[in-house]
Protein chains: 2
Amino acid sequence: PGWELSPDGKAISRGWKVKNFARAAQLANLVVWLAENANHHPDLQFGWGYVTVTFTTHSAGGVTMNDVIMAARLDALTA
Amino acid sequence: PGWELSPDGKAISRGWKVKNFARAAQLANLVVWLAENANHHPDLQFGWGYVTVTFTTHSAGGVTMNDVIMAARLDALTA
């Protein structure tokens, strides 16, 4: 399961399944670090066994290369 | 804005506004620590300037005292 475009076409999201709550929090923190490092911040959802990350570029009102770059980085780190 | 019951009556949620993405991540991590410590795990959503936490007791199919206790702890820590 890769990145999916939102119904309105303005954001991309991907979910990960992980083995418990602690692993979800750890992956969320990895995303936080990348986001702060790039100064490009997603929305995150997580709980027991899952993390979902959504990127959009608010200033552009949609998906930009910055979002795609962040997505590719996360894919590489979680492959 | 305090805790709100979900439309189906099976969960309680509260949102916090914070000043940026890093503060949201920090509050999320505080929730993670409490959750692991109590072995009672919420669902979280966060991003730039906000955190939302949702508690339910899956084994009971609804809200129990455990959820209310966690909510009260978070209220105290963020007051």
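Author: In this predicted model, 16 residues of chain B are in contact with 16 residues of chain A.

Reader: What makes these residues count as being in contact?

Author: Contact requires heavy atoms within 4.5 Å. On that rule, 16 residues of chain B and 16 of chain A qualify.

Reader: What area is buried between chain B and chain A?

Author: About 1400 Å². Carbon and sulfur atoms give 63% of that area.

Reader: How many salt bridges and how many polar contacts are there between chain B and chain A?

Author: The salt bridge count is zero. The rule for polar contacts finds seven residue pairs across the interface, both residues at pLDDT 80 or more. On the chain B side, helix H1 (21–38) and strand E3 (43–47) each supply at least two residues. H1(B) gives the largest share, seven residues. By class, the side of chain B that touches chain A has 10 nonpolar, four polar and two charged residues.

Reader: Why is the pair Asp75(A) and Arg14(A) called a salt bridge?

Author: The term needs a side-chain nitrogen of Lys or Arg within 4 Å of a carboxyl oxygen of Asp or Glu. Here the side chains of Arg14(A) and Asp75(A) meet at 2.5 Å, N to O. The pair therefore meets the definition. A search over all chains finds two salt bridges in the whole structure.

Reader: What makes this pair a link between distant parts of the chain?

Author: Asp75(A) sits in helix H2 of chain A, and Arg14(A) in strand E2 (residues 12–17) of chain A. They are 61 residues apart.

Reader: How is the packing of H1 and H2 in chain A described?

Author: By angle and distance. Helix H1 (residues 21–38) and helix H2 (residues 65–77) of chain A pack at about 145°, with their axes 11 Å apart. The crossing of H1(A) and H2(A) is right-handed.

Reader: Which residues meet where H1(A) and H2(A) are in contact?

Author: From H1(A) come Leu30(A), Val31(A), Leu34(A), Ala35(A) and Ala38(A). From H2(A) come Met70(A), Arg73(A), Leu74(A) and Leu77(A). By class, this contact has eight nonpolar, no polar and one charged residues. Arg counts as charged, so Arg73(A) is the charged residue here.

Reader: How do you know that Leu77(B) touches Leu30(B), with the C-alpha atoms 9.1 Å apart?

Author: The 9.1 Å runs from C-alpha to C-alpha. Leu77(B), in helix H2 (residues 65–78) of chain B, touches Leu30(B) and Leu34(B). Leu77(B) and Leu30(B) are 47 residues apart in sequence.

Technical notes. Residues are numbered from 1 along each chain as its sequence is written. Chains are lettered from A and ligands numbered from 1 in the order in which they are written. This is a predicted model: local features need pLDDT of at least 70, side-chain atom pairs count only at pLDDT 80 or more; totals for chains, interfaces and linings use all residues. Side-chain values use heavy atoms; hydrogens and water are left out. Axes are lines fitted to C-alpha atoms, for helices over the stretch in contact, and angles run from 0 to 180 degrees between N-to-C directions. Helices (H or I, at least four residues) and strands (E, at least two) are DSSP runs, numbered from the N terminus. A crossing is left-handed if the near helix is turned anticlockwise from the far one by less than a right angle, and right-handed if clockwise. Buried area is the accessible area (1.4 Å probe) that two parts lose on being put together, summed over both. A polar contact is a pair of N or O atoms within 3.5 Å; within protein, one must be able to donate a hydrogen and the other to accept it, and residues adjacent in sequence count only if both atoms are side-chain atoms. Lists of a residue's contacts leave out its neighbours within four places in sequence.
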